[in-house]
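Open the structure in your viewer and switch to a cartoon view.

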Amino acid sequence: MGAVCTHGKVTNLAEDRLQTEGREHGNYLEEQTPRFSPRQKVWNDRSENFTPALDTTDPNHVESTEKAGFQIADTGSVNVVDVDALAASHLPHGNVDHGPQCSPGDAAGQWAVADFMTFTIVGARGFRNSDWMPGRGKPDCHVVVKSKQKKIFKTKAITHSMEPLWNDEFEFRRWEDGAELEFHLYDQDLVGSDYLGKAMIQSDSFQDGFNGDLRLDQPGKDKGNEQQPAYLRIKIKPPGKVYPPGPSPELCVTLSRNEHKNFGLQINTQDQKNLYIQLVFESGPASEWNQHAEPHNHLSRGDFIVEVNGVEGNASAMLEKFREQVVVMKVRRAIDFIIILERSQVKNASGNMQDFGIQFAKNPSGQGLVVLGVETSGLIADWNASTSDPASRVQVGDRILRVGNREAGSALQLVKALREVSGKFQLHLVRTAPVKEEGSSHWRFK
């Protein structure tokens, strides 16, 4: 799901596809015929019969349906046999409190089209447990959802992960306008839970649906030290609609210098292949772009520029294009991940600590430290061989942002930190997000 960059025009293939294929496939951009789960029903105003979208030929559906208070007749119609059981079925897995329930005896005399918003808590990324200590391993994370200080849902715990993926879905009845929905992230242990952060969203922000990241407000931020942002990914859909499409891993940006001396970007070429945005200045063409673009199309610190005016694959050549009056850039979002390594304190024959087995530039500059080579032996090679997750293997082009509990620093500071670190420690890295042409898109963009 890439983007096509052309001079004078910005085209997003995913959006074009949605607009042209909407009627054929049904999508978020166009009103659709509601599709109902066993907990989303339409009542007939003259009887207690209704028609949920159930497969009446499936014995499993029949069994679960009758337990919920329905009965499927030989004709395939569905009748209510136990209203109390039916109402109770609105509480899936025992984890959700939907608030007051409707019943056929309400003043309206019927149930209307399901009045439930559907939420999916997808995953979290970028958070760093400041209380993590060597020997503790990775956190066991869960999310508690609250509205108006009332707990309404709790996810399952994802164990031993620095990038937990839940994909937990729940439904919740609409509430008062202006109410906030809060997502609290915890690390669960034997004696309790450690608080890792909170994200919030106002109800008026998702009445038409939502699919994106919420920034986590993390505790323990030291004054004077910039903290790497962390995010919680959620999806929300209104009744009768599907989830909105996720954000694109690529965007096209056209900047014109006009009267400005530069484009308002601080760029690093340590990668040698791509350009890395270290800073977006408060004034200049890049800042002006952000002022007029939708939030999901903003240029951000940490983005990668993979093409400039048709040139790609060579950071120095792309940088030269910024001498021109207009630049058309293909920008790729970053994905970050954290791994936990253990560096042996037993010294080898040469008297040094265990070698990492990765190569860097001779005189690296800027923020982060780019991996230019991964050797066949060493600490990183051992990690790559031991992990079952291909996405967490360290690759050429990955950029190290943090080593251990130290704050993000310059490339030279990170080289020093790698030289000194020992025992168990966290290694925080980022890389360019994959697009579908390169394989499966990252969960952050689905």
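Which residue lies over the face of Tyr 276? Select Tyr 276 and look above its ring: Arg 399 is there, at 3.9 Å from the ring centre. Keep in mind throughout that this is a predicted model.

**Stop 1: strand β24**

Now select residues 399–403, which make up strand β24. Buried or exposed? The strand is mostly covered, with five of its five residues buried. Strand β22, residues 369–370, pairs with β24 in the antiparallel sense over two bridges. Zoom in on Leu 369: its bridge partner in β24 is Ile 400. Then show strand β25, residues 423–432. β25 and β24 are antiparallel too, over four bridges. Here Arg 402 stands opposite His 428 of β25.

**Stop 2**

**Stop 3**

The structure holds seven aromatic pairs. Select Phe 263 and Phe 322 for another of them. Their ring centres are 5.7 Å apart and their planes meet at 75°; an angle over 60 counts as edge-to-face, so this pair is edge-to-face. Phe 263 lies in the loop between β14 (250–256) and β15 (265–268), and Phe 322 in the loop between α5 (315–320) and β19 (326–332). They are 59 residues apart. Phe 263 and Phe 322 are both buried. Now select Phe 119, Phe 153, Phe 170 and Phe 206: ring pairs link them into a cluster.

**Stop 3: an open sheet**

Go back to the cartoon. Find four strands in the order β9-β6-β13-β12; they form an open sheet with antiparallel pairing. Which strands stand at the edges? They are β9 (165–173) and β12 (210–215). Each has a single partner strand, so one side of each is left without a neighbour in the sheet. Neighbouring strands of this sheet are turned by 25° against each other on average, direction ignored.

Zoom in on β12 and β13 (residues 231–237), which pair over six bridges. Select Arg 215: its bridge partner in β13 is Tyr 231.

**Last stop**

Select Lys 237 and Tyr 243. The charged end of Lys 237 sits over the ring of Tyr 243, 4.8 Å from its centre.

Terms used: Residues are numbered from 1 along each chain as its sequence is written. This is a predicted model: local features need pLDDT of at least 70, side-chain atom pairs count only at pLDDT 80 or more; totals for chains, interfaces and linings use all residues. Side-chain values use heavy atoms; hydrogens and water are left out. Two strands pair if DSSP finds at least two bridges between them. Axes are lines fitted to C-alpha atoms, for helices over the stretch in contact, and angles run from 0 to 180 degrees between N-to-C directions. Buried means under 20% relative accessible area, exposed over 50%, partly exposed in between (1.4 Å probe, protein chains only). Rings of Phe, Tyr and Trp (its six-membered ring) pair if their centres lie within 6.5 Å; planes under 30 degrees apart count as stacked, over 60 as edge-to-face and the rest as tilted. A charge sits over a ring if NZ of Lys or CZ of Arg is within 6 Å of the ring centre and within 35 degrees of the ring normal.
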